[in-house]
Amino acid sequence: MSQLKNVEARILQCLQNNFLARYVSLPNHNKIWTVTVSPELRDRTPLVMVHGFGGGVGLWILNMDSLSARRTLHTFDLLGFGRSSRPAFPRDPEGAEDEFVTSIETWRETLGIPSMILLGHSLGGFLATSYSIKYPERVKHLILVDPWGFPLRPTDPSEIRAPPTWLKAVASVLGRSNPLAVLRVAGPWGPGLVQRFRPDFKRKFADFFEDDTISEYIYHCNAQNPSGETAFKTMMESFGWARRPMLERIHLIRKDVPITMIYGANTWIDTSTGKKVKLQRPDSYVRDLEIEGASHHVYADQPHIFNAVVEEICDSVD
């Protein structure tokens, strides 16, 4: 954990705006690692950003300053990921999902955030949607960035979109074990393995880091007890599919909660989900858009365009 702390400190040094990094202790003694940028800007609804599978607060470094120029921004490591506590999650899909969602709500309550603009990427998008079903009064606008776990698994194999090569390689190495077990087995070679499977990450963050800072960060986020990772495995059928697909439930979000879905034009996630959400919510605001030149990690592939789109959404709230 101390290595993760050191690498993350190097990343957060890049922030220009005021920020506060600390643990938020929940009543059940779990701790959520939280970074709040521009805490002094209290006049507008804060933006809360939820990272995806295997990620952490550090991966938002290309977005934090821009998106906190006019309002407070909160980012946190999901329970079971990054520097947050790593408890044992329930072993059933609904129980695991509820544990994540309850931890987000308890975190919000502890920080005293009355309402927020809630943004989630990938697994974070799935959990932000689940949160919005349960606590719609807390969400002024739901922003889903390449969200995971929405479509139902097609019965026709020809309809299945091929996952990227690196994902297939990892899956074939691992078989039935946890998705990132290979990193933990790799030990000190882990950062090099991240670099080998995902050389694109280094390129995405090259404006800030010429070295392997980001590969090291991803490695140390995932080299510990795999608690959130095990929960994610419980929630999925195979890497691309959720056992409880969100398209079957998105209509349960209160009608007055506006939703914007942002996809990378080159993503492996099914982008037709946006159109399907519109059909499920005919009387609600649903907007979907694709960002050219971006794949699954839209916020890092095209940070300037992504930040401008998100700022525009935030400004529409207040």
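**Charged side chains and their partners**

Guide: Asp-270 is partly exposed, with a relative accessible area of 25%. Here "buried" stands for a relative accessible area under 20%, "exposed" for over 50% and "partly exposed" for values in between, computed with a 1.4 Å probe on protein chains only. The model is predicted, so local features need pLDDT of at least 70 and side-chain atom pairs count only at pLDDT 80 or more, while totals for chains, interfaces and linings use all residues. Residues are numbered from 1 along each chain as its sequence is written, and side-chain values use heavy atoms, leaving out hydrogens and water.

The partner of Asp-270 is Lys-276: their side chains meet in a salt bridge at 4.0 Å, N to O. A salt bridge is defined as a side-chain nitrogen of Lys or Arg within 4 Å of a carboxyl oxygen of Asp or Glu. Lys-276 is partly exposed as well, its relative accessible area being 36%.

A second pair joins Asp-288 to Lys-275, with 2.8 Å between the closest N and O atoms. Helices (H or I, at least four residues) and strands (E, at least two) are DSSP runs, numbered from the N terminus. Asp-288 is buried, at a relative accessible area of 16%.

A further salt bridge is found between Arg-10 and Glu-216, at 3.3 Å, N to O. Because Arg-10 lies in helix 1 (residues 2-12) and Glu-216 in helix 9 (residues 213-222), this pair ties together parts that are 206 residues apart in sequence. Arg-10 is partly exposed, at 32% relative accessible area, and Glu-216 is partly exposed, at 24%.

These pairs are among the 18 salt bridges that the structure holds. Elsewhere, salt bridges form a network that links Arg-44, Arg-70, Arg-71, Glu-311, Asp-315 and Asp-318.

A charged residue may also sit over an aromatic ring. Arg-83 lies over the face of Trp-33, at 3.7 Å from the ring centre. The rule for this arrangement requires NZ of Lys or CZ of Arg to be within 6 Å of the ring centre and within 35 degrees of the ring normal.
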